[in-house]
Amino acid sequence: MTRRAVTHRRVSRALAVAVPLLVLAACGGGAPAAPPRTVTVLAAASLTEVFTTLGRDFEADRPGTTVVLSFAGSSSLAQQVNAGAPADVFAAASAATMRTVADAGNAAGEPVVFARNQLVIAVPRGNPRGVRGLADLAGPGVKVALCAPPVPCGAAARTALAAAGVALTPVTLEQDVKATLAKLRLGEVDAALVYRTDAAAAGDQVTPVEFPESAAAVNEYPIVALAGAPNPGGAAAFVAYVRSPAAVAVLTAAGFQPP
Amino acid sequence: MRTPRAVSTGRAPRGLLVPAAAGLAFLVLPLVGLVLRAPWSTLPDRLADPAVLAALRLSLLTATMATAVCLVLGVPLAYVLARVPFPGRGVVRALVTLPLVLPPVVGGVALLLVLGRRRLVGSHLASWFGVSLPFTPAAVVLAEAFVAMPFLVIAVEGALRGADRRYEDAAATLGAGRWTTLRRVTLPLVAPGLAAGAVLCWARALGEFGATITFAGSFPGRTQTMPLAVYLALETDPADAVVLSLVLLGVSVAILAGLRERWLPSR
């Protein structure tokens, strides 16, 4: 489903990168092609559903333009950008992660925050264990999945747990928020700390439990056009589009908060 | 009178040399880059990091356990495939080889869907024995064994097929029973193949990533093996990822050195 689509997108992205590289290597440069009509967007995993929608809307607004999306943990994407991945736009789930890209000189201009998000406790439908707050997760026999600390949702989870004074040992630390949620959807854990929007996107499979300490760990989502963008015009247009009223409506409907 | 030019293996067509050199460079240069980029000055400190040691210890332990599982199950399987004719043997052999060509992450998903705590086998394990496999070191062992066992089975089966059966026949005519023949004649005969298969199996288990992260998750000291630690470290401290990679490279070179008699005959 979603994950498969993501993987497929990743694969096509890898091919999209590899094939032109091979052709370039074979021709030793060659004449410049027609102006690029593809906008390559690297986005935090928690933006999977909403950016898929925004990408489609953007394409509908500009016939002939293709938006290629790649979703993963923000820290993994930041590392790809800093390693020279040929992308146009980067949208991260935390300002700290975005800063690693800006500090490396890979951002074209100043990143702008376009949305905010906060954590909920995702539990199976109907909340069979009666989880009401973070303290319930520290009990014996409760299996919890968290994001790994380098990933924004992992950092937020740490902050929230510290704010609640709850020490818990998760069974796994996953690479991005969707992987964390997947462990819950597969029935392998009893609870997962994920963004409110991810729990909502999972539909009625998942019940979200709000908790007060998540206010201490609100994530800001910055977006920026990349310095090495193959399509700088498309990059600027996409960044502007994400901040347009139409896009804000899509983001709000998905459960994101305005910046 | 001219003597016909000897056809010697030393005279390959010139045109092959360039791609051959490129092929060699392609395989070796990335590893050279890894060694050159290593933070040699801080290497001892980084290696002494408890997190690195925990990942290394877990990796060595689980790879060894997985090899043990593969030996217990794989050697009999190889023996049956090599020595016992039965209908559908080709199909069985293909099934055994499947994990070899299957993307490991698919193996991880398959294990999760069978051994997960709410699944076909996993739910029975939970209700009968109170055992839950996902997110435990045992899950790491199973994921590694699933991916590595074909290496052992293929190596041992090949050795069994290549072994001279007349020794076994002689043992039988001298009155040795089946178990005695297996233990005293067959297994010693295939010992080099068995050892090579076990080492290969261990190395594959040590490097396992996809099935492990899917089935066992990732938690430091419990299920986060060296390859998982490399992947995670790359996002936080790339120098740490290089150090961890160097350790795995060192282990691989050591394995190759140990097997050089078998794979790299000096002639």
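Reader: Which residues in helix 5 of chain B meet which residues in helix 7 of chain B?

Author: First, the ground rules. This is a predicted model, in which local features need pLDDT of at least 70 and side-chain atom pairs count only at pLDDT 80 or more, while totals for chains, interfaces and linings use all residues. Residues are numbered from 1 along each chain as its sequence is written, and chains are lettered from A and ligands numbered from 1 in the order in which they are written. Helices (H or I, at least four residues) and strands (E, at least two) are DSSP runs, numbered from the N terminus. Two residues are in contact if their C-beta atoms, placed from the backbone, lie within 7 Å. In this case P104(B), G107(B), G108(B) and L111(B) of helix 5 meet L142(B), A143(B), F146(B) and V147(B) of helix 7. By class, that contact has 6 nonpolar, 2 polar and no charged residues. Ala, Val, Leu, Ile, Met, Phe, Trp, Tyr, Cys and Pro count as nonpolar, Asp, Glu, Lys and Arg as charged, and the others, Gly among them, as polar.

Reader: At what angle do the axes of helix 5 and helix 7 of chain B cross?

Author: Axes are lines fitted to C-alpha atoms, for helices over the stretch in contact, and angles run from 0 to 180 degrees between N-to-C directions. The axes of helix 5 (residues 104-115) and helix 7 (residues 137-162) of chain B cross at roughly 130 degrees and come within 10 Å. Helix 5 of chain B is therefore oblique to helix 7 of chain B. The cut-offs are under 35 degrees for roughly parallel, over 145 for roughly antiparallel, 65 to 115 for roughly perpendicular, and oblique for the rest. The crossing of these two helices is right-handed; a crossing is left-handed if the near helix is turned anticlockwise from the far one by less than a right angle, and right-handed if clockwise.

Reader: Which hand does the crossing of helix 1 and helix 13 of chain B have?

Author: Helix 1 and helix 13 of chain B pack with their axes 9 Å apart, at an angle of about 125 degrees. That makes helix 1 of chain B oblique to helix 13 of chain B, and their crossing is left-handed. Helix 1 contributes L31(B), L34(B) and R37(B), and helix 13 contributes V242(B), S245(B), L246(B) and L249(B). The contact has 5 nonpolar, 1 polar and 1 charged residues.

Reader: Are helix 10 and helix 13 of chain B roughly parallel or roughly antiparallel?

Author: The axes of helix 10 (residues 191-206) and helix 13 (residues 238-258) of chain B come within 11 Å and cross at roughly 170 degrees. The two helices are therefore roughly antiparallel to each other. V199(B), A203(B) and L206(B) of helix 10 meet V251(B), S252(B), I255(B) and G258(B) of helix 13. That contact has 5 nonpolar, 2 polar and no charged residues.

Reader: Which residues in helix 8 of chain A are buried?

Author: A residue is buried if 20 or more other C-beta atoms lie within 10 Å of its own, exposed if 12 or fewer, and partly exposed in between, with C-beta atoms placed from the backbone. An α-helix has 3.6 residues a turn, so residues three or four places apart point the same way. In helix 8 (residues 232-242) of chain A, the buried residues are G234(A), A235(A), F238(A), V239(A) and V242(A). They cover an arc of only 135 degrees around the axis, which puts them on the same side of helix 8 of chain A. The arc is that of the directions from the helix axis to the C-beta atoms. The elements they pack against include strand 1 (38-44), helix 2 (48-61) and helix 9 (245-253) of chain A.

Reader: Is F135(B) buried or exposed?

Author: F135(B) counts as buried, with 24 C-beta neighbours inside 10 Å. F135(B) lies in the loop between helix 6 (122-129) and helix 7 of chain B. Although not a glycine, F135(B) has a positive phi of about 70 degrees.
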